[in-house]
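Have a look at the model before reading on.

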Amino acid sequence: MTVGDGQARGRSGRSGDAAAAVPWRWRVAAALSWRFLLIVAALGVVFYLLGYLSAVTIPVGIALLVSALFAPLVHRLEKWHVPRALATLIAIVVGLIVVGGVLTLVITTVTASLPQLQEQVSASLSSINDWLQRGPLHLSPEQLQSFLNRTIGAINGNSAELASRALSTATTIGSILTQALLALFTLIFFLYSGPQVWAFVLRAFPREVRDQADVAGRRGFASLVSYVRATVAVACVDAVCIGVGIWIVGVPLAVPLAALIFIGAFVPIIGAVASGAIAVLIALVAKGFVAALVVLAILIAVMQLEGHVLQPFLLGRAVRLHPLAVVLAIAVGVEVSGITGALLAVPILAVIKSAIGSLLRDPDELDPHDVNALRPRNARPLPDQQAEAVAEPDVVPDEDAREP
């Protein structure tokens, strides 16, 4: 071969196979980059559709969350030879009685405590007025009156805006009632014919991977059951401990505040802080600075108990989520759908974590019927369960380990 032939072949190689001239690491980085961008684009489309159809997706998500709470009750009643339709009706009625009882208790307590609260607020405002005049600020009565006049003027000047907000609030209430009815209707079908609905969803998967998808879905729902149980237990402990504490301090509206703390506990981190801040504010206005400090100390103590004892003990290893992942999930949920997004973000993350763990670690030949979606332990892949059984040989097998 002559030198001219080698040069011609070199020029041909350079011009004909440009990809071979790119370093291997750059090609790997480019391949990862476009795949990553494709995944981000797909997730963006999914989040956009979820936000665009929020009037439907939010009620369905809430119904799925509540069904994880009541599905074990329906299953237990069915094992006691109660017809499934009657078991579903009993679960729905129990839920409505609990919610209606809590709302009735809150409304009656607030109505009965309003006169006392008004007197305490008036006395506290007088004390604050005296402190502003005689304290370190040394404000004159004229300065205070000028501030009050500006505040009243700002409120009167924005009366049209307040009216439009009231109209918007009325429209929002109508939308909330419509979504609540949709969530109730969806919950009934989830409880009554959940297995049939899941079987229909599985038809969207190819037959070759249908069993793996079935196992992953069952593990995801098991993690949802575990999350809801633990959250309800933690919310009850928070509400009882803080409610009793603020009642001992003498803060008015202890029962409504306890109910608010119970509801807020369903939104991790943010809910407890927000509801606790309201309790501290009411204690400050009604009872003074010392009472507010005592209530704040009670809140901090209960939050420490929740973070270091209740959450690890109740959630266990079934739904182990890093605090950073929880905070980021809540931030994304708030950005997508406000408070409701914050409520649903963490359970969605728990379901995704369990499902992905199952797809990566469960054996392909695993029978889906060996995974009980109502048993929290089944939220973990099979290797983790086997390792736990070896580490804890005295664990008694659950009689419901296999679904009927």
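This is a predicted model: local features need pLDDT of at least 70, side-chain atom pairs count only at pLDDT 80 or more; totals for chains, interfaces and linings use all residues.

**The overall picture**

How many helices and strands does the chain have? There are 12 helices and 0 strands, so reading from the N terminus by that DSSP definition you get α-α-α-α-α-α-α-α-α-α-α-α. The UniProt record, an unreviewed entry, puts "transmembrane region" features at residues 32–50, 56–74, 86–107, 180–205, 226–249, 255–281, 288–305 and 325–352. Residues 56–74 come out as 100% helix and 0% strand in the model, with end C-alpha atoms 25 Å apart.

The chain has 404 residues, and 29% of them count as buried. It exposes about 25,200 Å², with carbon and sulfur atoms supplying 71% of that area. If you take the contacts with a separation of 6 or more, 72% of them are between residues 24 or more positions apart.

The structure holds 2 aromatic pairs. In one of them, the rings of Y48 and Y52 have their centres 6.0 Å apart and their planes at 20°, so this pair is stacked. The cut-off behind that call is a plane angle under 30 degrees. Both tyrosines sit in helix 2 (residues 24–52), 4 residues apart, or about one turn of the helix. Are they buried or exposed? Y48 is exposed, at 56% relative accessible area, and Y52 is exposed too, at 61%.

**Cysteines**

A search of the whole structure turns up 0 disulfides. As a reminder, a disulfide is a covalent bond between the sulfur atoms of two cysteines. Two cysteines to look at are C236, partly exposed with a relative accessible area of 36%, and C241, partly exposed at 34%.

**The nonpolar core**

Which residues have the most contacts inside the largest nonpolar core? They are I242, I246, V251 and V295, in a core of 13 residues. Helix 7 (210–249), helix 8 (254–264), helix 9 (270–287) and helix 10 (289–315) each put in at least two residues. Helix 10 gives the most, with 4 residues. To see how this looks from one side chain, pick V295: leaving out residues up to four places away in sequence, V295 touches I246, V249, V251, A279, V280 and A283.

| Residue | Relative accessible area | Class |
|---|---|---|
| G264 | 12% | buried |
| D214 | 8% | buried |
| L86 | 41% | partly exposed |
| H81 | 74% | exposed |

Start with G264, which is in helix 8. G264 counts as buried because its relative accessible area of 12% falls under the 20% cut-off. Apart from neighbours within four places in sequence, G264 is in contact with G271 and A272. A239 is 25 residues away from G264 along the chain, and their C-alpha atoms are separated by 9.5 Å.

Next is D214, in helix 7. D214 is an aspartate with 8% relative accessible area, so it counts as buried. What does D214 contact, once neighbours within four places in sequence are set aside? The list is W198, L202 and P368.

L86 is in helix 4, and it is partly exposed.

Most residues other than glycine have a negative phi. H81 is not a glycine, yet its phi is positive, about 65°. At 74% relative accessibility, H81 is also exposed.

Note on methods:
Residues are numbered from 1 along each chain as its sequence is written. Side-chain values use heavy atoms; hydrogens and water are left out. UniProt positions are given in the numbering used here, feature names are shortened, and annotations may be inferred rather than shown by experiment. Buried means under 20% relative accessible area, exposed over 50%, partly exposed in between (1.4 Å probe, protein chains only). Contact means heavy atoms within 4.5 Å. Accessible areas come from the Shrake-Rupley method with a 1.4 Å probe; for residues, only the protein chains shown count as cover. Rings of Phe, Tyr and Trp (its six-membered ring) pair if their centres lie within 6.5 Å; planes under 30 degrees apart count as stacked, over 60 as edge-to-face and the rest as tilted. A disulfide is a pair of cysteine sulfur atoms within 2.5 Å. A nonpolar core is a set of buried Ala, Val, Leu, Ile, Met, Phe, Trp, Tyr and Cys residues joined through side-chain atoms within 4.5 Å.
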